[in-house]
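Subject: Handover of a protein structure

Dear colleague,

Please find below the structure that I am handing over to you. I would ask you to keep it open while you read the notes that follow.

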Amino acid sequence: MLLLPLAALARDDAVAAHGTPALPPGFSHFPHVRPDAPKGCTLRMAQSGTFDTLNPFTLRGRIVMGVWNWVYDPLLTTAPDESLVAYGHLAERFELDETTRRVRFTLRATARFQDGRPVTADDVAFTVTTLARYGRPFHRTLLERADPVVEGPLTISLALPDGEARRGVLRLGEVQILPRHDWEGRDFAALTMQLPIGSGPYRVTSVDPGRQVIFDRNRDWWARDLPTGRGRFNLDRIEVTWYRDRIAAFEALMAGREDWMQEADARRWAVGYDLPPVRDGRIRRVEQRHWYTTGMNGFAFNLRRPRFEDVRVREALSLLLDFEWANAALFHDSFRRTTSFFENSDLSASDAPDAAERELMADFASLFPKEAYERPWMPPRSDGSGRDRAMLERALALLGAAGWAPRDSDGRLANTATGEVFILSVLAQSNAQQALVGVWFRALRRIGVVPRFEVVDASTFTARTRAHDFDIVSRFTIPPDWPGAEQQNLWSSAAAARPGSGNLNGIADPALDGLLERLVAAPDRDTLRTTARVLDRALQWRSLVMPGYYDPVRRLAVADRFAWPAQPPRFSYGDDAWWCQAASPE
């Protein structure tokens, strides 16, 4: 088998899905890190909730993200400052045969697991086989046809997944490698508290089940002086402690028992931190803008229910969510209204379509109203009063045109032909959206709709969504940076007819299927951008989802002895580059 260096370039240590990697061969370190950052200190992190397994690679149990992030190394390290670019890490080099669609990875001879044993091609093959069978759904989809072939102690070839070849190399390179000698003979799907062994910068050294995990820096980390490791993972110890709820975690932070907490409560962030530890500077409040695509957070209508088939009904119901009032009154104007299925990315259709988009839209004209060619779709914006009469009248007019009107006898909204009362329920698996739903329900009741909010446990939620047993469902979808076939699972006719698919709306339209095929086949970033924006417009104008909101920032409360580079990377928060100001260089 003849394999050629990626992109026919004179380097085999980096891959870019489009364009070329920015950092040259033999680069010293990633741009966002301080290469001479001091090592030392303990970071105490407060979390709420609990955990019941130290294996993060299956769907079973409540996992510890630190095991995923810090204990295991991948074949390639994603570039924090570049989109869809990765550099060799466990893999020293890699070669691609686009004809046979296989990639060969050659591992570094110096790579070691935390027990001192070398990382070998057998470990990679074991990882691929195990995750293809027992891993999370994205692992199974990625690896089920990877066909690992061990060519030598440090060399393995894998079959690429469907799609563009370089993207396939990137996706395979992101897989963290498991030690065969540690996992072989164990039940991979079982919950476990056995201390994991990886090849990463931190080891789990202590576990208090359900309450605390301690990670100690691996001082013998094989990659500490590599370009992908230098200046990163500088803290000697990370102690992660789980509390029964966020209030208890907050109290521990203010009492000085913890150093770090992510604040999810916008109200508390706005008014609850006026306390001595914050006023005197011991605790810093930090806001970091999200770098990733935030996607669509909203409420999906089930078009399999006859009363939601008419787009006028969906549009009318969406008009009655007074987000402007809710954001000001309940959330201290902390959130932003979601407008796009590709929110917070260059794929979002946030402006009027350009010439390339209009040309593509013309090929699928049945998906768009005339105004879509001239302006972007935007969710309705109220006057912020909480009782916007104009919105109410528009909603009633749309409902009336669709055959629904309030009854004279009791004011209930009913079908003018059958007398059926308009009843709807919103399915969710937590109370996270309850405040916003309450605002919406108040307006729905004013026009005679009978609403209900159903909060169910995770297993019931999964069973009901798989069976499409709901009226409206609270849903949060985050697309990858290069969307493709996964969008067909969300919006295609084939997925609508398939039990358990991601097409919760039940949308089935041949024109939309054709547009999705164009998206999957996009050969370059410019074509992808145009096609994704047109898909965004097609979904927006159908009113398939009533948009909710997203938080534009990550809010951290952090002890003042920790520091990080002034310029964060473009595609990461840069947590890997933190250091302690009281520590000493090694």
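Which residues does Phe215 touch, not counting residues up to four places away in sequence? I shall answer this after a few words on the model.

This is a predicted model, in which local features need pLDDT of at least 70, side-chain atom pairs count only at pLDDT 80 or more, and totals for chains, interfaces and linings use all residues. Residues are numbered from 1 along each chain as its sequence is written, and side-chain values use heavy atoms, with hydrogens and water left out.

Phe215

Phe215 touches Val64, Gly66, Val67, Trp70, Val71, Tyr202, Arg203, Val204, Asp236, Arg237, Ile238 and Val240; a contact means heavy atoms within 4.5 Å. Phe215 belongs to strand β11. Helices (H or I, at least four residues) and strands (E, at least two) are DSSP runs, numbered from the N terminus. The relative accessibility of Phe215 is 0%, so Phe215 counts as buried. Buried means under 20% relative accessible area, exposed over 50%, and partly exposed in between, with a 1.4 Å probe and protein chains only. Between Phe215 and Arg284, 69 residues apart along the chain, the C-alpha atoms are separated by 24 Å.

The chain as a whole

The protein chain contains 18 helices and 26 strands. Its C-alpha atoms fill a box of roughly 80 × 65 × 45 Å along the principal axes. For 586 residues, a compact globule would have a radius of gyration near 25 Å, and the 26 Å of the protein chain agrees with this. The radius is taken over C-alpha atoms, and the globule rule is 2.2 Å times the number of residues to the power 0.38.

Of the 586 residues in the protein chain, 55% are buried. Among contacts between residues at least 6 apart in sequence, 71% join residues at least 24 apart. The chain exposes about 25200 Å², of which carbon and sulfur atoms supply 49%; such areas come from the Shrake-Rupley method with a 1.4 Å probe, and for residues only the protein chains shown count as cover.

There are 74 positive and 76 negative side chains, and the centres of the two sets lie 3 Å apart. Lys and Arg count as positive and Asp and Glu as negative, while His and the chain ends are not counted. The place of a charge is taken as NZ of Lys, CZ of Arg, CG of Asp or CD of Glu.

Two buried polar residues

Glu454 is in strand β20 (residues 450-455). With a relative accessibility of 12%, Glu454 counts as buried. Its side chain makes a polar contact with the side chain of Arg464 at 3.0 Å. A polar contact is a pair of N or O atoms within 3.5 Å; within protein, one must be able to donate a hydrogen and the other to accept it, and residues adjacent in sequence count only if both atoms are side-chain atoms. Beyond four places in sequence, Glu454 touches Ser425, Val426, Leu427, Ala428 and Arg464.

His290 lies in the loop between β14 (283-289) and β15 (296-301), and is buried at a relative accessible area of 12%. The side chain of His290 reaches the backbone oxygen of Asp551 at 3.0 Å. Leaving aside neighbours within four places in sequence, the contacts of His290 include Asn344, Pro552 and Tyr573.

At the start of α6, a side-chain oxygen of Asp245 comes to within 3.2 Å of the backbone nitrogen of Ile247. Among the buried residues of helix α6 (residues 246-254) are Ala248, Phe250 and Leu253. Gly256, which follows α6, has a positive phi near 85°.

In helix α9 (residues 311-319), the buried residues include Val313, Arg314 and Leu317. The buried residues of α9 pack against β15, α12 (389-401), β17, β19 (423-428), α13 (434-446) and β22 (545-547).

Positive phi values and an exposed loop residue

Most residues other than glycine have a negative phi. Leu84, in the loop between β4 (76-78) and β5 (85-88), has a positive phi of about 55°. Phe233 also has a positive phi, near 55°, and lies in the loop between β11 (212-217) and β12 (237-243). Phe233 is buried, with a relative accessible area of 12%.

Finally, Asp408 is in the loop between β17 (404-406) and β18 (413-415) and counts as exposed at 82% relative accessibility. Asp408 and Val558 are 150 residues apart in sequence and 59 Å apart in space, C-alpha to C-alpha.

Yours sincerely
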